[in-house]
Amino acid sequence: DGGGRGGGEPAPLAAWCECLTLVGLARLEVAVRAPAQLARCVATLAGLLSRGVVNEIVQADGSRASGRLGGKLRQRCCFLEGAEDWDCLAELVDTLQGAVVDDREILTKCNPKFVDLKKLPEILDEYADSTRRSADHLKARDVRAMLDGHYSAERCVELKKYDEFPVDGAAMPRKGAYLRGTTKGGMHVFNIAAVTCAIGQQLLVEEGRLAAGH
């Protein structure tokens, strides 16, 4: 439910899903697919962000089962129905990463807050469905492990997407945005785009579509 907030502003999750859809449509390979494929990719990422565990998932053989805690992400929330859906997810994640690294405009036009660096628990709380049991939600330590695995500080420094001591209102990189940073107090900070990319990358690793430590 993307219910509105004060002044008709959509809830953060609903706004982020709209942005992810636009990101997907911006790439031809995704846009030419059946719209339902892109919708299932966005729903899978959104379900992991907002709920952590859903009532029913699609298993690797196409059968349905109850989502469950622990284990792989795809056992918690996955609506992808076949190889073409996984291809679509790979393209969506690649395009989202490209937007952060090279061209943030598609993200900032949706909402400049999507590239703001924040503490990880704050991001997860902002996009979580508060009506769900907190035990269902992804834990910050687990998401942090995904971020460290796919977007380590060293890799982000190499990409010039690491912001040390971020300051409100400071200039962004020329075209892209930062993936992570460190505050003066030593806290690691990220944004919703980086978190979503890391979750998507982890799903692809689990499915054997991406090498671990790629």
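How many of the 214 residues of the protein count as buried? The share is 46%. This is a predicted model. The protein has 10 helices and 8 strands. Its exposed surface comes to about 10600 Å², and carbon and sulfur atoms supply 50% of that. Among contacts between residues at least 6 apart in sequence, 63% join residues at least 24 apart.

**Nonpolar core**

- In soluble globular proteins, nonpolar side chains tend to be buried together.
- The largest nonpolar core here holds 55 residues.
- Within this core, W16, L89, L96, L107, L147, V195 and I199 touch the most other members.
- Seen by element, helix 1 (12–25), helix 3 (35–50), helix 5 (83–102) and helix 7 (120–127) are among those that each supply at least two core residues.
- Helix 8, helix 9 (153–158) and helix 10 also each supply at least two.

**Helix 8 against helix 10**

- Two packed helices are described by the angle between their axes and the distance between the axes.
- Helix 8 (residues 140–150) packs on helix 10 (residues 192–206) at an angle of about 80°, with the axes 9 Å apart.
- Helix 8 is therefore roughly perpendicular to helix 10, because angles of 65 to 115 degrees count as such.
- From helix 8, the contact uses V143, M146, L147 and H150.
- From helix 10, the contact uses A194, V195, A198, I199, Q201, Q202 and V205.
- By class, this contact has 8 nonpolar residues, 3 polar residues and no charged residues.

- T95 lies in helix 5.
- Is T95 buried or exposed? T95 has a relative accessible area of 16%, so T95 is buried.
- Beyond its neighbours within four places in sequence, T95 is in contact with V23 and R27.
- T95 and L25 are 70 residues apart in sequence, yet 9.7 Å apart in space, C-alpha to C-alpha.
- I106 is found in helix 6 (residues 105–110).
- I106 has a relative accessible area of 27%, so I106 is partly exposed.
- Apart from residues up to four places away in sequence, I106 touches C19, L22, V23, A26 and A99.

**Loop residues**

- E56 lies in the loop between helix 3 and strand 3 (57–58).
- With a relative accessible area of 47%, E56 is partly exposed.
- Leaving aside neighbours within four places in sequence, E56 is in contact with R64, A65, S66, G67 and F79.
- E56 and C78 are 22 residues apart along the chain, and their C-alpha atoms are separated by 8.4 Å.
- K72 sits in the loop between strand 4 (64–65) and helix 4 (73–76).
- K72 is partly exposed, with a relative accessible area of 40%.
- The C-alpha atoms of K72 and L203 are separated by 8.1 Å, with the two residues 131 apart along the chain.
- K160 is in the loop between helix 9 and strand 6 (162–164).
- K160 counts as exposed, at 68% relative accessibility.

**Backbone of K160**

- Most residues other than glycine have a negative phi.
- What is the phi of K160? The phi of K160 is near 60°, a positive value in a residue other than glycine.

Note on methods. Residues are numbered from 1 along each chain as its sequence is written. Side-chain values use heavy atoms; hydrogens and water are left out. Axes are lines fitted to C-alpha atoms, for helices over the stretch in contact, and angles run from 0 to 180 degrees between N-to-C directions. Helices (H or I, at least four residues) and strands (E, at least two) are DSSP runs, numbered from the N terminus. Angles under 35 degrees count as roughly parallel, over 145 as roughly antiparallel, 65 to 115 as roughly perpendicular and the rest as oblique. Contact means heavy atoms within 4.5 Å. Ala, Val, Leu, Ile, Met, Phe, Trp, Tyr, Cys and Pro count as nonpolar, Asp, Glu, Lys and Arg as charged, and the others, Gly among them, as polar. A nonpolar core is a set of buried Ala, Val, Leu, Ile, Met, Phe, Trp, Tyr and Cys residues joined through side-chain atoms within 4.5 Å. Buried means under 20% relative accessible area, exposed over 50%, partly exposed in between (1.4 Å probe, protein chains only). Accessible areas come from the Shrake-Rupley method with a 1.4 Å probe; for residues, only the protein chains shown count as cover.
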